[in-house]
Amino acid sequence: MSDRLGELLVKAGKINKDQLKQALSKQREEGGRLGTNLVKMNLLSENELVEFLSKQFNVSAINLSRVEVDESVVKIIPADVARKYTIMPVSKTGAKVTIAMLDPTNVFAMDDIKFMTGYNVEPVIASETAIRVAIEKYYGSTHALELKKVMEDIDDDIGGDDLEVLEEEAEEFDIDALAEESDEAPVVRLVNIILTDAIKRGASDIHIEPYEKKYRCRYRIDGILYEVMHPPLRLREAITSRLKIMAKLDIAEKRLPQDGRIKIKTKIGDKEKELDYRVSVLPTIFGEKIVLRLLDKDKLMLDMTKLGFEVESLAKFDYAIKQPYGMVLVTGPTGSGKTNTLYSALSNVNTPETNIMTAEDPVEFNLTGINQVQMKESIGLNFAAALRSFLRQDPNIVLVGEIRDFETAEVAIKASLTGHLVLSTLHTNDAPSTINRLMNMGIEPFLVATSVQLIVAQRLVRRICSFCKEPVEIPPSALVTAGFKERESRTLKLFKGRGCEQCGDTGYKGRVGLYEVMDIDDEIRELILSGASSLELRDKAIELGMITLRGSGLQKIRDGMTTIEEVVRETVL
């Protein structure tokens, strides 16, 4: 239908020949339908496409979001057929079934359905997003179907009350029985689904949490937690034990926090992947809460130009990390992408002539050509001790996972003043307040002024989904409040995600960084030596051209990458 549809759209003046050429080229590269590619490229909206097809083929259009489909109608067409042809049964009358389709000329699909069900087919047109949302709603996601089968198997194999949930007060328990329960086939499969489904959904963390009357599993996707399932409460101990065994933790220890790591190899789609999970087990009043951080090497962005830096900010950062000595600090809250920024910087300067050493807690990713050391506080191997040892290893560049105390800060600063480039992180709200944080730790102002070369503050905001991106109108007054100039607010084009199958109906897919890069030049050094406040340092840095976190966010809005809501949520004026 592609060529014919394209010609019809050009003839009707909906698109021009160049746009058709671009869309056909994209279709050849990425596959998919021509109409879908036109929508993705923002050359046509889904509603315009549906309306056009409806008039062109004299077939009714339908808004599936306003239709409730009866369960008996859903059962007429199997889930795999609905997904194969991207169709949704809507209603039946006598020997006729009404089917919502993308392409009303697809006679193969209609013949197949007629042969399979015995019903005559009456097609109606609906948008691809609406059909996929309806398929998920009425048939359930593949994950949900698989999970349902596992739950049924659990009921069959384990039975309703065969597994006794141990009370928190009970100190005695049978370790062998726990280990045996954790090896039950349905429990193993359930845990495997949780681990692999998180990867498929693009999650960064898995939270498995016990409460008094329920047990829940949540995924953090693009920085936001979503509830995905409620495993039976009676499986609490079996699931916990299974994960502890996989992470090589002590299943008998239930009173103290434990940390471990799970490495598995699995096949996702046609690709074999090695997955790494950092496991944290914490005793709560109703059992042990488990949080797994997914360390996916494929998601590690080592190309600094793709992280989200503005051009001038990236130039400053790139210059600082290529200096022979000094200190470069990356600041921000947990989960703001500091590790990724530092790993990108190290990859950028990782050459055979450079000796790079890192002290990390924990080591998240293994980087070839870089000497990485895991901290072990229990035996006295902390950041300060590791850093002292590094200085006897002839390093050029040293990365300290985090400056947490005076001792680490002092050794790091001395290293930066004796011919080494030191990279590290701190937890501060913005770049200027990092200076005061170091001085509050007990570091003398003259040491801070002479050692620190550059500070980067960063946040992560969600990207607008490219599959359902569409223009949105926002009052100019709201834009001015967010930080835009009044003149610009009247002409600015803004976008949002409508919500589709690709982004789980959130309107967002993936994240991008906001960066505030403060270069410590002579004027800033003078202010540090005179004991200036964070506010004074900030004003001077802005005067010298620093783009603030909010400024970086406003630029991302101009570029159509994110929304005002995201920027306001993560930054202040």
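**Sheets, ring pairs and helix packing in a predicted model**

The model described here is predicted.

S11 pairs on both sides. Four bridges join S11 to S12, and the two strands run parallel. Within this pairing, Glu-360 stands opposite Gln-374 in S12. Four bridges also join S11 to strand S13 (residues 397-400), again in the parallel sense. Here Met-357 has Val-398 of S13 as its bridge partner. Ala-359 stands opposite Val-400 of S13.

How many residues of S11 are buried? The count is five of the five, so the strand is largely enclosed by the rest of the structure. In a regular strand, side chains alternate between the two faces of the sheet. In S11, Ile-356, Thr-358 and Glu-360 point one way. Met-357 and Ala-359 point the other way. The residues on both sides are buried.

A second open sheet is formed by three strands, in the order S1-S2-S3. Its pairing is mixed. Strand S1 (88-93) and strand S3 (120-125) are the edge strands. Each has a single partner strand, so one side of each is left without a neighbour in the sheet. Neighbouring strands are turned by 25° against each other on average, direction ignored. S1 and strand S2 (residues 96-101) pair in the antiparallel sense over five bridges. Met-88 stands opposite Ala-100 of S2. Helix H7 (residues 107-117) packs on this sheet and touches S2 and S3. The direction of H7 makes about 140° with that of S3.

Aromatic contacts were examined next. The count comes to three aromatic pairs. In one of them, the rings of Phe-309 and Tyr-515 have their centres 3.8 Å apart. Their planes lie at 15°, under the 30 degrees that counts as stacked, so the pair is stacked. This pair links distant parts of the chain, 206 residues apart. Phe-309 sits in the loop between strand S9 (287-295) and helix H13 (311-321).

Tyr-343 and Phe-365 form another aromatic pair. Their rings are 6.2 Å apart, centre to centre, with 75° between the planes. The pair is edge-to-face. Tyr-343 lies in helix H14 (residues 338-349). Phe-365 lies in the loop between strand S11 (356-360) and strand S12 (371-374). The two residues are 22 residues apart, and the pair links distant parts of the chain. Tyr-343 is buried, and so is Phe-365.

A charged side chain also meets a ring. Lys-469 lies over the face of Phe-495, at 4.9 Å from the ring centre.

Two packed helices are described by the angle between their axes and the distance between the axes. For helix H17 (residues 432-440) and helix H22 (residues 534-543), the axes come within 8 Å. They cross at roughly 145°. H17 passes H22 in a right-handed crossing. From H17, the contact is made by Pro-432, Ser-433, Ile-435 and Asn-436. From H22, it is made by Ser-534, Leu-537 and Arg-538.

Is Thr-129 buried or exposed? Its relative accessibility is 15%, so Thr-129 counts as buried, the cut-off being under 20%. Neighbours within four places in sequence are left aside here. Beyond them, Thr-129 is in contact with Glu-46, Arg-498, Gly-499 and Cys-500.

Conventions:
Residues numbered from 1 in each chain as written. Predicted model: local features only at pLDDT ≥ 70, side-chain atom pairs only at ≥ 80, totals over all residues. Heavy atoms only, no water. Pairing = 2+ DSSP bridges. Axes fitted to C-alpha atoms, helices over the stretch in contact; angles between N-to-C directions. Contact = heavy atoms within 4.5 Å. Phe/Tyr/Trp six-rings, centres within 6.5 Å; stacked < 30°, edge-to-face > 60°. Buried < 20%, exposed > 50% of the residue type's maximum accessible area, 1.4 Å probe, protein only. Lys NZ or Arg CZ within 6 Å of the ring centre and 35° of its normal. Left-handed = near helix turned anticlockwise from the far one by under 90°.
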